[in-house]
Amino acid sequence: MSHIWKMVFKRLGLGFLTLFIVSLLIFLATELLPGDFAQEFLGQSATPETVAAIRRQLGLDLPMHIRYIQWLAGVLHGDFGTSLANHRPVIDLIGGRLGNTLFLALYAAAIAVPLSLMLGILAALFRNSFFDRFVNASALTSISFPEFFVAYILIFWLAGMGGMFPSMANFRGDPNFLDMLYRTFLPAITLTLVVTAHMMRMTRAAIINLLASPYIEMARLKGMTPMRVIVRHALPNALAPIINVIALNLAYLITGVVVVEVVFVYPGLGQLMVDSVAARDMPVVQAVALIFAAAYVLLNLTADVLATLSNPRLVHRR
Amino acid sequence: MGPLIVLLWAVAVIAACLVAGWLFRTVAIVATPHTIKRELRTAPLTASFGMLVIVIYIFVAIFAPLIAPFPEREIVGPEYMPWDHIHLLGTDNLGRDMLSRLIFGARNTVGIAFVTTALAFLIGAILGLLAATVGGWLDQILSRVVDVLMAIPALIFSLLLLTIFGTSIPTLILVIAVIDSTRVFRLARSVALNIVVMDYIEAAKLRGEGLWRLITREILPNALAPLVAEFGLRFCFVFLAISALSFLGLGLQPPMADWGSMVKENATLISFGDITPLLPAGAIALLTVSVNFVVDWQLHRASGLKE
Amino acid sequence: MSDTSNDTRDPLLTMRNLRIEGRADDTWGEIVHGIDLDLYRGEVLGLIGESGAGKSTVGLAAMGFTRDGCRISGGEIRFDGIDLTEASEATKRHLRGARIAYVAQSAAASFNPAHRLMDQYCETPVQHGVMGRTEAENDAVDLYRRMQLPDPEQIGFRYPHQVSGGQLQRAMTAMAMACRPDLIIFDEPTTALDVTTQIEVLAAIRNIVEQFDTAAIYITHDLAVVAQMADRIKVLLRGDEVEEADTRSMLAQPREDYTKSLWAVRSYARAEQPPVAEGTVPVVSIKSITAGYGTVDVLKDVSFDIHQRRTVAVVGESGSGKSTAARVITGLLPPREGEIRFDGEVLPPDYRRRSRDQLRQAQMIYQMADTALNPKLRIRELIGRPAQMYLGLQGRKLTDRIRDLLSLIELEPDEYIDRLPSELSGGQKQRIGIARALAAEPKFIICDEVTSALDQLVAEGILKLLDKLQGEFDLAYMFITHDLATVKAIADDVVVMKEGRVVEQGLKADMFRPPHDPYTELLLSSVPEMDPDWLTNVLSDRT
């Protein structure tokens, strides 16, 4: 068994290396920023003396690699620097919003993952039937829709006309959990629609790909039922691709969340990022980008490790 | 509208689309030369409809100034005018003609997405084919760089880069093209890797063929089908990405007519039950659906031929 | 096996006027044109034919099964009184695995990689309700032992990728036996195996079929194999029956011309060449080559010579290093030690350092013509390119040369010059591969298993063509093969390889005459012969 753990540790090592390089990349991006950080921090009122003072205070006069190490050390302690826009610590701005974004993403994932796996398996089971064609065409259509289109259609139908659900994610008055689910229903269902389509199509493709294998024909020739052929013979071998599909789409949620948060005025990280990009508030952009990228890398890493562990050829070697 | 009426409408619209697709295919089969004709016969109605839409979009984009009743950027009336016989789709938040902006938007949004995709392909496909063919350290370096670039989610990465470089059209095109070229690179490389292990590539190498001929005559023709399909898919992604950025106010900048920002600018109308702001979003959706239908057909054909 | 007194009983399986259609480009075309078949209990019927004969399709139809893209369009299949063309899916499902079992060509691909052998074995009896899990496991161990699998108690707890090809094939036969079916379909069960492994699997299969008195349909393209296994043989050609007879009379006196021609192939052998004179400089000479991938040596201290107008057959089973030897000579795999000489001159080990003329002199013909020809290029460019590159031919001269080459390989120039490879048959593709090699006007050609993917009749045509061309252009051939019949047919000298070493080399005549090296002996004695008693005799000789 030790070789499999070696493999897993190697993957983990590579993942953290990637994370490190990504942080370097994001840090270096700031260095490309035209204009002086201290100048922007102080705005109009800056005199050369105050600029020099703030530079010293922020450590901007130090060489780049030292500043990177300081920045990274700060990040690891939860110190992301100070916002240019309102001069508050970045961590304060991020704090609650990170929770909100995670809540929304998990909410959508909790609906999307089981739904799409089920639809994908059913479509593969009844491939080329009317059901399959219908699900496929609908999925293709919803993949093609921009997120904001899906969001506004839902608002138009479910909030504007019937008034069934709130169109704005309103967090006032300390809502309880069920209340939260109700109030964030529309943004969650928007994300779900977008991601389910992708995931369902990829699940179906992963399974159908395997159905041409000789061992599937063998299972049918052993007199197994179609359901057993799919669940017992195809699914275990489709695990690795399906795990990757899920990871890929959960990662996609991260991107989707940005647009959806803006449409529904949802107080999450995505909206913060968009506002900060518009204000060119670099420390905040940096921090949020790093958080998104880290989530993305960790998701892919988890998928990679799980896929390795699900492969009998790797787990049980000769 | 009750759910039943919505359903009836949906069925009617889908039926109309399929009929339009059928008509288009029938006409196209008559009008095209023999080799294309045979391919067209295999097109399902969804793909025929997709082709029809693409042709219409191209036409509108090219002849926008001739078709549009009003100029792109001129204020021609009060704000938020309802639909009438002069301003068929009303006016927008500044009082510009909605229909005209929609038509010019086809040129701007689709045109820029197309240029960006083409650029992404130029970079990604050339490097991907090169990496697979040459192999060794070149492949290692390129693949690792792409791995790192792909470790950052595309939208987040483009937001980061746009903060740094600003939001002019050239930077927008360049940033999105570079980010998307990493995805093209991955595909081109993996397609080419399946080809370079073929005996005919070995035979060509042993014959002493140079790198250029190896790529252009031996590898590219065999990689073309998946690459063309990928072009369609990539176009959809780029198109949606640019629209999303514009919607967020960070893509194409006003007063240029652009579908993404048009949705954003007029979004308030939706809460009043007016669907006008959904039209540009619908225009985006319609084009991506169409391209996807056509790509789906082509992919299906390619996989069918393999068996 | 049984005698012929069973005509009085009802047959176990009958097919009457069975027609099967296949779909290509959305149109259905008939691929099996009305086959009649009777099989009695305990009887083994051999189905033989070349690729495209429809033998697998008919075999699967005996289970009421058609592959995707095929359908039964007419006729009747009756298994023990049940009409399988009419039966419901559920009825057929209850028969499959329980009363009719299947053994596939590639056990490595047909075992599910995600489950242990034992779980896959027990699935059939447990799901069909024949026995419980514990009982099935004990039964499996018993069958594994009867199939002479090593370590029968434990082997079931391995995953398929942990077991060798020959053992998997036996485990699959055991799995087919699990419910003690009335009928087993064997679909080319030994085709993917080396000859020395094949003989063990054949013996085990025959043994178990006899022990349980199971009826079987044995599908193969190999006449010598079917002669060992079957009581009766039915010959198929493009979906039609050619003839049927019991094994001995079929082998002794085939009635139809097609059957006779299949038999005749085996007797082709080219005229013997005089030995090379002392002191002649060989065209290609490799000396003490050691080569491999990573740190593993695939070739160990290999030396042999190839002379003008002679064919050296390099023989060995999979993993013997024979193809690696070809890669070393062509320069794709520079050796760790040793040297390659061409006409007495040392060649640079890496092909990228060889001159254009050195590259031109040594050409290669591949096993799979499908992957050896770029599917997007026309014949004109495929065989014109070397002539253009090496000999500088252009325009009219180039076209004339291409036409000459096509005539040489016996393809009508006008008809073929602008075709794509996909518009050719397998044999024609291989001929284009030959023409491409000839276009460079080489001295030496490596033929890597050039006939092993082809049907026997087509393969014979290719061998004859190669023979003719050798005489015409004084070519030296290195002929890589695992098939001793091909060696007999075409070689002058033979090099026998095993696990990266040369075990024996010399003139063909010497090689086929004792005394042999023990491995050569094993190899020679494992090649099936067209004698129904061959397997029995070999097995009794070996014990």
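## Exercises on salt bridges, an interface and a cavity

At 32% relative accessibility, C:D474 counts as partly exposed. The model is predicted.

**Exercise 1.** Find the salt-bridge partner of C:D474 and state what the pair ties together.

*Solution.* 
Step 1. The partner is C:R309, with the closest N and O atoms 3.7 Å apart. The cut-off for a salt bridge is 4 Å.
Step 2. C:R309 sits in the loop between β12 (296-306) and β13 (311-315) of chain C, and C:D474 in the loop between α18 (456-473) and β18 (476-481) of chain C, so the pair ties together parts 165 residues apart in sequence.
Step 3. C:R309 has 40% relative accessibility and is therefore partly exposed.

**Exercise 2.** Which residues of chain B form salt bridges with C:E381, and are B:R213 and C:E381 buried or partly exposed?

*Solution.* 
Step 1. One partner is B:R217, at 2.6 Å from N to O.
Step 2. Another is B:R213, whose closest N and O atoms to C:E381 are 2.9 Å apart. C:E381 belongs to helix α14 of chain C and B:R213 to helix α10 (residues 211-247) of chain B, so this pair joins two chains.
Step 3. Buried means under 20% relative accessible area. B:R213, at 17%, is therefore buried, whereas C:E381, at 23%, is partly exposed.

**Exercise 3.** Describe the interface of chain C and chain B by its contacts, area and salt bridges.

*Solution.* 
Step 1. On the chain C side 22 residues are in contact with 15 residues of chain B.
Step 2. About 1,700 Å² is buried between the two chains, with carbon and sulfur atoms giving 53%. C:Y366, C:T371 and C:R385 supply 28% of the area that chain C buries against chain B, more than any other three residues.
Step 3. The interface has 4 salt bridges.

**Exercise 4.** How much space lies in the largest cavity, and which residues line it?

*Solution.* 
Step 1. The volume of the largest cavity is about 210 Å³.
Step 2. Its lining has 17 residues, the closest to the centre being B:L206, B:R207, C:A362, C:Q363 and C:M364. Elements that give two or more residues to this lining include α9 (199-207) of chain B and β16 (362-365) of chain C.
Step 3. By class, the lining has 11 nonpolar, 3 polar and 3 charged residues.

How values were computed: Residues numbered from 1 in each chain as written. Chains lettered and ligands numbered in written order. Predicted model: local features only at pLDDT ≥ 70, side-chain atom pairs only at ≥ 80, totals over all residues. Heavy atoms only, no water. 1 Å grid on protein atoms, 1.4 Å probe; cavity = no way out; pocket = protein on both sides within 12 Å on 5 of 7 lines; lining within 4 Å. Points joined across faces, edges and corners; volume = space filled by probe spheres on them. Helix = DSSP H or I, 4+ residues; strand = E, 2+ residues; numbered from the N terminus. Nonpolar A, V, L, I, M, F, W, Y, C, P; charged D, E, K, R; others polar. Contact = heavy atoms within 4.5 Å. Buried area = accessible area lost by both parts, 1.4 Å probe. Salt bridge = Lys/Arg side-chain N within 4 Å of Asp/Glu carboxyl O. Buried < 20%, exposed > 50% of the residue type's maximum accessible area, 1.4 Å probe, protein only.
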